[in-house]
Amino acid sequence: MNILELHNLKKFFATQKAVDDISFDIKQGSIFGLLGPNGAGKTTLIRMITGIFYQDEGKIMLDGKLFNPTTDALKIGYMPEERGLYKKMKVGEQALYLAQLKGLEKNEAMQKIKTWFERLEMQSWWNKKVEDLSKGMSQKLQFVITVLHQPKLIILDEPFSGLDPLNANLIKDEIYRLAQEGSTIIFSTHRMEQVEQICDHIVLVNLGKKILDGTVYDVKQQFKNNSFRIKLAAPAAHIASNAFDVLSNDNHELTVSIKPDADSNDVLSYFIQNNIRIVSFEEILPSLNDIFIQLVEGTEAMSRAFQKVDN
Amino acid sequence: MNKIAIVAKREFLTRVQKKTFLLTTILLPLLIFSFYGLIIYFVSGNDEKYTIAVADEANLFKNKLKSNSTISFSEVPGAIKDSLNTWIRNEKYNGYIYIPAGVTVQSLSSIEVITEETLGIEGRSDIQDLIDDALNEERLLAQHINPSLIDSARQKSTINFQNIDGADQSNSKFEASLAVGYIGGFLIYIILFIYGTMVMRGVMEEKVSRIAEVIVSSVKPFELMMGKITGIGAVGLIQFLIWILIVMGLNAIVVQFFPDLLTAMQNQPVQPGVIAAGSAMQQVEANGGLSILSSLNLPLILGCFVFYFLGGYLLYSALFAAVGSAVNEDPQDAQSLLLPITMPIIFGIVILIKASSEPYSGIAVFGSLFPLTSPIVMMARIAHGIPDGVTVWELILSMALLIAGFICTTWLAGKIYRTGILMYGKKITWKEMWKWALKKS
């Protein structure tokens with residue numbers, strides 16, 4: 001079942017087409033990656049899904065019904081990239097206020113805040129002012145506020161920026177847990193290694209258009225170039241076959257590219273026939289980072305900075 | 001619970017629960033009162049007494065030189081100039097007047113007052129008046145005219161102003177209306193500024209601390225804006241109520257212990273608002289106490305005050321909120337954006353002065369109908385009552401226009417606010433804000 005369906009969404013600003021005819025579906029309980037370079041239209045897209053902006057054209061279906069920003073606020077939890085809290089307000093009051101704005105009753109909100117504060121060991125923060133919290137602490141608070149009302153759809157924009165590895169893992173575990181409990185998570189980030197780790201399904205937008213849509217596995221399969229890494233027990237000097245080209249030969253380790261009319265078994269049988277012992281044989285799949293760069297590079301968006309990640 | 005109410009409740013509570021709220025609410029009137037008290041004390045309380053020796057060898061004054069509270073003359077018959085000079089140096093006298101023998105009232109050309117220190121401006125005019133009084137009497141006597149005859153001939157006539165319907169338009173009532181209207185208009189002017197800026201700063205805080213986007217994902221921007229305006233308006237009402245109570249309390253105490261203070265206040269060029277307040281009370285006391293105030297239509301004035309207070313606040317605070325939403329981190333940007341908003345308010349106070357003395361002049365009628373100035377200007381006209389200051393249909397039209405104006409500015413401001421609150425980094429001009437306001441949603 002799809003929790004969210006976007007049909008031909010369009011949002012044009014005076015100077016640019018921020019979102020230009022984007023459609024995709026998100027399955028309930030999935031962790032969904034919304035990717036794209038800076039200025040691709042991700043934030044505009046998210047703002048339409050959260051009801052902050054109205055689309056110029058197209059429609060949004062939430063939970064099988066046409067999305068209504070006024071009544072559906074309780075179904076959505078949104079943590080924007082530009083996040084902040086009232087600095088002078090106490091942590092507990094702030095959480096309560098924001099939960100009430102979402103539409104929770106006071107008692108119910110209070111109870112949920114307590115549960116979450118206990119789970120993330122934040123009970124002692126209740127009477128602290130937000131300005132006294134560290135950046136990581138306020139990020140944690142922000143996360144709790146986002147998911148407090150058990151939204152069906154949680155939208156997280158760069159949720160790990162500014163978090164140390166320990167807290168990042170803590171939040172990551174909570175995200176998994178929420179997904180298991182049936183919440184759907186839209187995850188918008190530039191950090192491709194996190195996307196590979198966490199997301200089931202991704203959509204890549206660039207210049208307001210969707211340019212890629214699929215599961216992480218499918219996308220990788222789609223962009224692989226049939227190369228394999230082979231480790232040999234002993235160095236082999238002359239390797240040549242009709243089935244593959246040797247891209248590099250570094251003593252024990254070979255990188256080969258299989259020719260279109262051959263497959264991986266042909267490669268293996270070559271080594272077996274030549275009595276060269278293989279230690280390991282693995283397919284080289286492109287990283288999302290590579291795919292991203294390959295797709296976005298050369299378009300206008302590339303003039304903007306993009307975070308490079310080593311895999 | 002309605003979301004506007006939740007927002008308003010927070011805006012109200014966070015402000016009222018602050019220690020500074022209690023401090024400013026209670027201390028500010030005390031501070032202002034003691035500040036004016038000090039000014040009045042320094043300006044009027046300088047009871048520097050001058051003693052002037054008069055060596056009148058010509059017997060010009062014939063002991064008719066009277067003294068008053070600050071200047072006292074003492075005749076020193078037969079003193080010579082040298083000893084007078086020594087007396088001044090020894091500070092036995094502050095100064096002296098020497099009239100040589102043989103001078104008559106007719107032949108007198110000038111009188112020299114010799115002092116050690118320079119005389120203050122009030123001392124000078126006091127001496128001038130006292131000497132003039134004495135000499136005028138002498139001159140009249142020299143012409144064989146009885147001064148008391150002249151006094152009895154020169155009297156102020158009593159003129160009663162009435163309109164054609166026979167309604168009382170006496171000076172005392174007119175002056176009381178003028179003062180009441182002035183105070184009302186001035187209060188609304190202050191309210192618009194204080195609470196308008198408070199709304200603006202609240203919006204800026206939300207924008208700068210980046211919480212706006214979190215909130216507008218659960219509340220409509222318009223609800224957020226209205227909640228803020230309502231909450232701060234409630235703070236304003238409470239604060240004003242406390243101020244009025246404190247001022248009334250202090251007034252009672254002050255009048256009890258310093259009965260002359262108000263009289264003194266009225267004579268000092270301190271501040272228009274205070275003068276008006278002072279003169280209003282002066283009027284009340286001088287012209288048969290409360291009877292003058294009760295001759296004004298107080299329920300009407302109070303009712304209109306509350307209406308124009310709320311209407312003006314709602315109209316302007318929406319505009320202030322729009323400006324707050326367009327400003328980035330730099331508060332200086334706000335200054336230039338505020339100018340178009342503060343202009344009509346200041347314009348209103350200028351018209352107020354004219355309207356309080358001439359309620360039916362063209363500019364007063366315009367100012368009291370135009371929604372951006374009417375909250376201030378109408379106070380001046382309404383204080384004169386119906387129909388002396390304003391006609392019924394003008395009042396109704398003005399109220400209707402104010403309501404329409406408030407709906408209009410709130411609607412426009414809401415649209416600017418919605419776009420502005422999520423816009424970062426760019427410096428916004430009025431032209432752009434206007435574009436946002438006219439944009440289709």
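Me: Which residue stands opposite Phe244(A) in strand 13 of chain A?

Reply: That's Ile258(A). Keep in mind that this is a predicted model.

Me: How do strand 12 and strand 13 of chain A pair, and over how many bridges?

Reply: They're antiparallel, with 6 bridges between them. Strand 12 covers residues 244-250 of chain A, and strand 13 covers residues 253-258.

Me: What links those two, then, and how many residues sit between them?

Reply: The two strands of chain A form a hairpin, with 2 residues between them. Asn251(A) is in the turn and has a positive phi of about 55°.

Me: How many bridges join strand 11 of chain A to strand 13 of chain A?

Reply: There are 5, and the two strands run antiparallel. In that pairing, Ser257(A) of strand 13 is across from Ser227(A).

Me: How many residues of strand 13 of chain A are buried?

Reply: 5 of the 6, so the strand is mostly covered; buried here means under 20% relative accessible area.

Me: Switching to chain B. What's the strand order in the open sheet there?

Reply: It goes 2-1-3-4, four strands with mixed pairing. Strand 2 (71-75) and strand 4 (113-115) of chain B are at the edges with a single partner strand each, so one side of each has no neighbour in the sheet. The twist averages 25° from one strand to the next.

Me: And which way do strand 1 and strand 3 of chain B run, parallel or antiparallel?

Reply: Parallel, joined by 5 bridges. One residue pair there is Ala53(B) with its bridge partner Tyr96(B) in strand 3.

Me: Which strands does helix 3 of chain B touch?

Reply: Helix 3 (residues 81-89) packs on the sheet against strand 1, strand 3 and strand 4 of chain B. Its direction makes about 170° with that of strand 3. Helix 4 (residues 121-142) of chain B packs on the sheet too, touching strands 1, 2, 3 and 4, and its direction is about 50° from that of strand 2.

Me: Back to chain A for the helices. At what angle do helix 7 and helix 9 of chain A pack?

Reply: About 60°, with the axes 10 Å apart. That makes helix 7 of chain A oblique to helix 9 of chain A. The crossing is left-handed.

Me: Which residues of helix 7 and helix 9 of chain A make the contact?

Reply: Helix 7 of chain A uses Val216(A), Val219(A), Lys220(A) and Phe223(A), while helix 9 of chain A brings Leu288(A), Ile291(A), Gln294(A) and Leu295(A). By class, that contact has 6 nonpolar, 1 polar and 1 charged residues.

Technical notes. Residues numbered from 1 in each chain as written. Chains lettered and ligands numbered in written order. Predicted model: local features only at pLDDT ≥ 70, side-chain atom pairs only at ≥ 80, totals over all residues. Heavy atoms only, no water. Buried < 20%, exposed > 50% of the residue type's maximum accessible area, 1.4 Å probe, protein only. Pairing = 2+ DSSP bridges. Axes fitted to C-alpha atoms, helices over the stretch in contact; angles between N-to-C directions. Contact = heavy atoms within 4.5 Å. Parallel < 35°, antiparallel > 145°, perpendicular 65-115°, else oblique. Left-handed = near helix turned anticlockwise from the far one by under 90°. Nonpolar A, V, L, I, M, F, W, Y, C, P; charged D, E, K, R; others polar.
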